[in-house]
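Please open the structure in a viewer and keep the selection tool at hand.

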There are 2 protein chains.
Amino acid sequence: MSLEAKKRPHILTIAGSDSSGGAGIQADLKTIEAFGCHGSSVMTALTAQNTKGVQGVHEIPADFVIQQLKSVVSDDYPRCIKLGMLTNSSIILALSKELKKLDTIVVLDPVMISTSGHTLLPEDAIQAMNELYPLVDYFTPNIPEAIKLTGYSSRTSENSSQLNLEEMIELAKITNTKTRAFTVLLKGGHTSISGREILEIRKREKGDYEIFWEEGDDDLDTIEVLSLYSSYKQIPQSKQEEKELVVDVLVNKGEVVALFVGKKIDSNNTHGTGCTLSTAIACAHATQPRDVPNAILRIFKKAISYTKTAIASSYPFGHGHGPLNHAHLSVRRALPPPTKYNPHPFVSHLIQSNLPLWKSYVKHPFVVQLGKGTLPKECFEHYIKQDYHYLKHYARAHALGAYKASTFEDIKAFTDIAGHIARESEMHVSYCESFGISLDQLQSTPESAPCAAYARYVIDIGTQGDILDLYMSVASCLIGYGEVGLWLKKQVELGEAKMEGNLYKKWMEDYSGKDFLGAVERGIENLERRIAEDPPTEARLARLTAIWHECVRLESAFWDMGLNLIK
Amino acid sequence: MSLEAKKRPHILTIAGSDSSGGAGIQADLKTIEAFGCHGSSVMTALTAQNTKGVQGVHEIPADFVIQQLKSVVSDDYPRCIKLGMLTNSSIILALSKELKKLDTIVVLDPVMISTSGHTLLPEDAIQAMNELYPLVDYFTPNIPEAIKLTGYSSRTSENSSQLNLEEMIELAKITNTKTRAFTVLLKGGHTSISGREILEIRKREKGDYEIFWEEGDDDLDTIEVLSLYSSYKQIPQSKQEEKELVVDVLVNKGEVVALFVGKKIDSNNTHGTGCTLSTAIACAHATQPRDVPNAILRIFKKAISYTKTAIASSYPFGHGHGPLNHAHLSVRRALPPPTKYNPHPFVSHLIQSNLPLWKSYVKHPFVVQLGKGTLPKECFEHYIKQDYHYLKHYARAHALGAYKASTFEDIKAFTDIAGHIARESEMHVSYCESFGISLDQLQSTPESAPCAAYARYVIDIGTQGDILDLYMSVASCLIGYGEVGLWLKKQVELGEAKMEGNLYKKWMEDYSGKDFLGAVERGIENLERRIAEDPPTEARLARLTAIWHECVRLESAFWDMGLNLIK
């Protein structure tokens, strides 16, 4: 298990700051974090802003914009740069000059005209943008921006943004050709498309390009059983005329690559959608393995799906257009990852989640008296006879693990342990003989209630749960006896326990010896590895911890049984 | 299952921007995101900065700082405000005036003197800070800053920051009293403390306050078995004199509350540690349920532990002091969360992860011919006889589910289904009689290989795995037959299949009927609920998906068996 952290893709955003945290570099940094990349930022302007609007703007001098850029790229070269609000022509021209020197993927969200139709860039800045386009790999205008850039006008609608699907496709192609940006995604949020338009285009184009439905369904009637309950994906005959779909058009070298189709999401929380989508494109590009087929398509599918889910799962904030939920890609860890300084977060959590319970087991009076040599012999004998029964079930539990295993590796690990326990049982027998207990006596001693309760609990958990549950049910015996062995050894050093002249010397030596502690170490590493590879959620961790606690309690009761001669 | 998102705690950071993304508002926003809160930000200065140093600073006018603050707080009131680099006295004085009007938790990281000893605030600004302290709930100076504030001088060391533990405690108390900040955490990174000092303080103070070890171990010798392999937590006699520990001292109302002890982390990636810790304190405060006991202690434990793990799990970036890993609190989701627009992300994933396989099952030639009424009677009879065997195992699988269940709710759900299947078997028998197949014939028909392969796979998965594995193994039969029923019904509407005069009419009616589709709906909802409550990691999802694919394949083979009369 390597604890060395890998380098993360570095994404630089060059954009404005939104004090409310919903758009601008704040939305970008949140998105970059969600994709597991490192985010850096160059600010072009600060806004005093909230969900209701922009109350003030502080522009950053072009030379300080460039100074920020130089500081970042001279130290760690970004894999992708996302350009958002660029504020004015002097910043745009200065950036164009610098970006020409860099060899990196550039995503441009023009941030010229807001969703509400408001112009965000002065006219000379819009002109200056022409310098940038040829440097751009992914360009994401909305319809008014594309119209502004190309001078396109609708033949069918008085409201220039209300294009039909054919017009959108035409506009996307023209924008691609005119700007010379490598790939253009024309965002269709300003117009509504009917199901019939999609079906007609699909019929006519005969598969020349892909049509993606929101959640990845590439076929209109493949999954009846889900559309029963979420009928939005279906276009029943009766609904084909309703204009309720949003389509984004992806073009590359003047040719349509794909249409992304989804139902308009009925949400007020769309502040920062454009920022989020363009940054998600940069992140999807940077995190995608090289040389996968259909690379561009995958990048856009991922980024669009991320953004739509971020809107659909948004949370209440402010009194106007709220932010997206950027964090939906991840779930809270129940445990920290293992590091050099905390290599055993799982076992450490198990023990510390109920320290008094753990102490009641590993520092039980039975153990203390055993270490001092004052434990009555009959108590130890009662314990050791029951331990013989327990060991048999403990071996069976490992055999059950092998039965439930999915890999030869696991089968081998479990059968090795089961076999080892079976062989050790012979040593157990001869050790018992040294106390005058015969094999016959061992076998004919009835199983005590505490022994049966514990052993059968282990077997039941193993039967009921999966292989990790089973590992949990056998862990506290292994780890706890290691702890007892080590603690007793330390007590001997401190003069609180004795080895020489102690009736139980061999027992103490066995559990503090190299062989047994090696097994303990392997057991701990195995648990940590499994947990690190498949980190449990809070719910799963709670279940695993409950098994651990129950086993620790039953272990403690097992010592009680010895000390109090419980049948 | 509610799909409504809850409001998140709103944390506002007022600080500088670090273009490299490691410190300042960038570190703050990343930390806030990690804690599942909403981050907003007010900038006091921009820096052109990288991991090697600060190359340029652009100060923000005090009135624009206040304008940003007003925009944010007038729209969504923050639960906590974190103050970082405040740049100059006019910003500090303007902020003090505004903050006095707000009733919110304030965390102040003074950012006066850097870890390397560099002074970051001009002298008049340090004086102006006196206005702020009384407004502060949590104050986190490092040793040089606390010395600067209090004029404290060490009695034992020439290097004024190299305090011993007793001096640190004294300095923390004086800082608390002098500033009137509610709680002070004196960060000990500038000095090193020996194990002996801790043991002596512990002995003398007799539990007046808590001493926390890095990973939460409050006892020096409780967990021998872990310290065997990560010995840093232990202070063996021989090492007690070594000064290798870092101690943070927490004081409240002039009294020590706790010492946080850890080994110095040997990492170059500490850029932004102070920003991260103070923001983590704000987040830990905001996300903690009200009225928990030891509230302040828990907040600091959580924030310190978060920050240390962020350093210990940091990744390579740049050529100087790299950033922390802010994202370590979460793991990547393998599936998006369910939303109103995508309520079935899990079942949708299962089906779409191999659409051709799914189609080979639900649109199998056996199904197509059955719908048209052209399926040879002997094929259907062969199928229906084997289906009788399969149903028995399918009922057994649900009984096994009840056996493996942990709650009465699950036991009831599973036994209901098993009982329902057993009762339905009588209808199956009478349906078979309509084809002239007697119960005797049904029972004496040998199980075909495809039937045995499928049925025993389901039973084996149920035995081997946990209850979710078992649910997976029975899901594709339920959901797939629902799909077949619905699809055939639609084909009838389209004239591609027929109901009237079709020998298999009753079969088609059963699987497209309300009863069966209700069971399908409950099955889908049950799976989605379990997955939403305990979201699978990539590894777990891959295992579940593999079970689904295998079952779909075996279902398809079951149709093959019917169509080709396979024994």
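Begin by selecting the contact between the two chains of this predicted model: 125 residues of chain B and 125 residues of chain A take part in it. About 10400 Å² is buried between chain B and chain A, and carbon and sulfur atoms account for 56% of that area.

Next, look for charged pairs across this contact. Two salt bridges are counted between chain B and chain A. Select Asp534(B) together with Arg543(A): their side chains form a salt bridge, with 3.7 Å from N to O. Polar contacts across the interface of chain B and chain A amount to 38 residue pairs. On the side of chain B that touches chain A, select strand β2 of chain B, residues 38–50, which supplies the largest share, 10 residues. That side of chain B comprises 46 nonpolar, 46 polar and 33 charged residues.

Now select residues 330–332 in both chains. These form strand β12 of chain A and strand β12 of chain B, and the two strands pair in the antiparallel sense over three bridges. Within this pairing, Val331(A) is placed opposite Val331(B).

Select helix α19 of chain A, residues 505–511, which contains both Lys505(A) and Glu509(A). These two residues lie four residues apart, about one turn of the helix, and their side chains meet in a salt bridge of 3.8 Å, N to O. Over all chains, a search of the whole structure finds 42 salt bridges.

The last stop is a group of strands in chain B. Select strand β11 of chain B, residues 255–263, and strand β9 of chain B, residues 210–213: the two run parallel and are joined by four bridges. Here Phe212(B) stands opposite Phe260(B) of β11(B).

In β11(B), Lys263(B) is the residue opposite Leu245(B). Which residue takes a positive phi in the hairpin of β10(B) and β11(B)? Select Lys253(B): its phi is near 50 degrees, and the hairpin has two residues between the strands.

How values were computed
Residues are numbered from 1 along each chain as its sequence is written. Chains are lettered from A and ligands numbered from 1 in the order in which they are written. This is a predicted model: local features need pLDDT of at least 70, side-chain atom pairs count only at pLDDT 80 or more; totals for chains, interfaces and linings use all residues. Side-chain values use heavy atoms; hydrogens and water are left out. Contact means heavy atoms within 4.5 Å. Buried area is the accessible area (1.4 Å probe) that two parts lose on being put together, summed over both. A salt bridge is a side-chain nitrogen of Lys or Arg within 4 Å of a carboxyl oxygen of Asp or Glu. A polar contact is a pair of N or O atoms within 3.5 Å; within protein, one must be able to donate a hydrogen and the other to accept it, and residues adjacent in sequence count only if both atoms are side-chain atoms. Ala, Val, Leu, Ile, Met, Phe, Trp, Tyr, Cys and Pro count as nonpolar, Asp, Glu, Lys and Arg as charged, and the others, Gly among them, as polar. Two strands pair if DSSP finds at least two bridges between them.
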